[in-house]
Amino acid sequence: MSSEGGKEDCLGWAARDPSGFLSPYKFTRRAVGSEDVSIKITHCGVCYADVAWTRNVQGHSKYPLVPGHEIVGIVKQVGSSVQRFKVGDHVGVGTYVNSCRECEYCNDRLEVQCEKSVMTFDGIDADGTVTKGGYSSHIVVHERYCFRIPENYPMDLAAPLLCAGITVYTPMIRHKMNQPGKSLGVIGLGGLGHMAVKFGKAFGLKVTVLSTSISKKEEALSLLGADHFVISSDVEQMKAIAKSLDFIIDTAAGDHPFDPYMSLLKTGGILALVGFPSEVKFSPASLNLNMRTVSGSITGGTKDTQEMIDLCAAQKIYPNIEVIPIDYANEALERLIKRDVKYRFVIDIENSLK
């Protein structure tokens, strides 16, 4: 069952330049170390980070670049010191694959905040190699950064939990947005927003979806079970719910005004920003006069991630996905840019990557 040697070829899809166009690419994963798990990837979710990094939006992408950080698969090999997993286990890997394991954040299981955390793709790992993500046949990861996927949870549905799910779950838990009867506003109804609605309902919150698009109303109320839907560009609708929300999760990636949304928060209300608009701008009065808080968040630590996965399995919280083959990946990224997905693409690696 254990092995410390023997590299093998890995087949993936990579971007070679900032055009972001993906095509087949063979490379070598590191040998399985004593604390490593080798995972045969079955599914990988498609995140907007895959667009940004393959197209060098940040300016530091390293090519060839294999994207993908919502990874689910089956353990096929474990190192001699691995304690938590065995061959055949269903596991997930999220947005990071290493950290220092010594700092205050690692000690608190908030590894994503570690100064030395290593991203799942396009990061520099401890051995100096560039990490390559889940658009590939297998991956080798230290066991600390792997998550147990309960056997009864469908593997394709588990993939989006590893980034979209944990990105909204983390601030919800941190700011105690899990108190039944409280009210939650969700800005944006994409991969992250639809999970915020699902968690909100699971926590017993009254959920209001805030959107600029009337076309989202039916799906928000009927498909996702939100309690209310408000067109955020309609001044009268926004006035009608002023100071009515305890919490807001802002998942919008595009630029948007903040003051109108802040006005919806009760005294002491909290807005958690998980999207990345180009700027955040609001009047100090929106914050100070009603003791409101604006907080940022990214994904989450290993403790919160496993808790979220277990909650989803226990309460049957499932993302809404569109399963695609790997050779549709380029089209999927184009559709993601146009927000033409309900609500997360998941690549069927096992049956399409040949």
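Q: What makes the pairing of A14's backbone oxygen with the R16 side chain a polar contact?
A: The backbone oxygen of A14 sits 3.3 Å from a polar atom of the R16 side chain. A polar contact is a pair of N or O atoms within 3.5 Å; within protein, one must be able to donate a hydrogen and the other to accept it, and residues adjacent in sequence count only if both atoms are side-chain atoms. So the 3.3 Å pair falls inside that limit. The R16 side chain also has a polar atom 2.9 Å from the backbone oxygen of P24.

Q: What kind of model is this?
A: This is a predicted model, where local features need pLDDT of at least 70, side-chain atom pairs count only at pLDDT 80 or more, and totals for chains, interfaces and linings use all residues.

Q: Which residues does R16 contact, leaving aside its neighbours within four places in sequence?
A: They are F21, S23, P24, Y25, Y63 and P64, with contact meaning heavy atoms within 4.5 Å.

Q: What about D125 and R30?
A: Their side chains meet in a salt bridge too, at 3.1 Å, N to O. The two are 95 residues apart: D125 is in the loop between β7 (118-119) and β8 (138-142), and R30 in the loop between β2 and β3 (36-45). D125 counts as buried at 8% relative accessibility, and D36 does as well at 7%, whereas R30 is partly exposed at 29%. Shared partners join R30, D36 and D125 into one network of salt bridges.

Q: Why is N98 called buried?
A: Its relative accessible area is 10%, which is under the cut-off for buried. N98 lies in strand β6 (residues 96-98). Its side chain makes a polar contact of 2.9 Å with the side chain of D125.

Q: Is S286 buried or exposed, and how do you know?
A: S286 is buried, because its relative accessible area of 13% is below the limit. This residue lies in helix α9 (residues 284-288). A polar contact of 2.5 Å joins the side chains of S286 and D259. Apart from neighbours within four places in sequence, S286 is in contact with D259, M262 and R292.

Q: Why are α4 and α10 called roughly perpendicular?
A: Angles under 35 degrees count as roughly parallel, over 145 as roughly antiparallel, 65 to 115 as roughly perpendicular, and the rest as oblique. The axes of α4 (residues 164-174) and α10 (residues 302-315) come within 10 Å and cross at roughly 105°, so the pair is roughly perpendicular. Axes here are lines fitted to C-alpha atoms, for helices over the stretch in contact, with angles running from 0 to 180 degrees between N-to-C directions.

Q: Which residues make that contact?
A: G165, I166, Y169 and T170 of α4 meet D304, T305, E307, M308 and L311 of α10. By class, that gives four nonpolar, three polar and two charged residues. Nonpolar covers Ala, Val, Leu, Ile, Met, Phe, Trp, Tyr, Cys and Pro; charged covers Asp, Glu, Lys and Arg; the others, Gly among them, count as polar.

Note on methods. Residues are numbered from 1 along each chain as its sequence is written. Side-chain values use heavy atoms; hydrogens and water are left out. Helices (H or I, at least four residues) and strands (E, at least two) are DSSP runs, numbered from the N terminus. Buried means under 20% relative accessible area, exposed over 50%, partly exposed in between (1.4 Å probe, protein chains only). A salt bridge is a side-chain nitrogen of Lys or Arg within 4 Å of a carboxyl oxygen of Asp or Glu.
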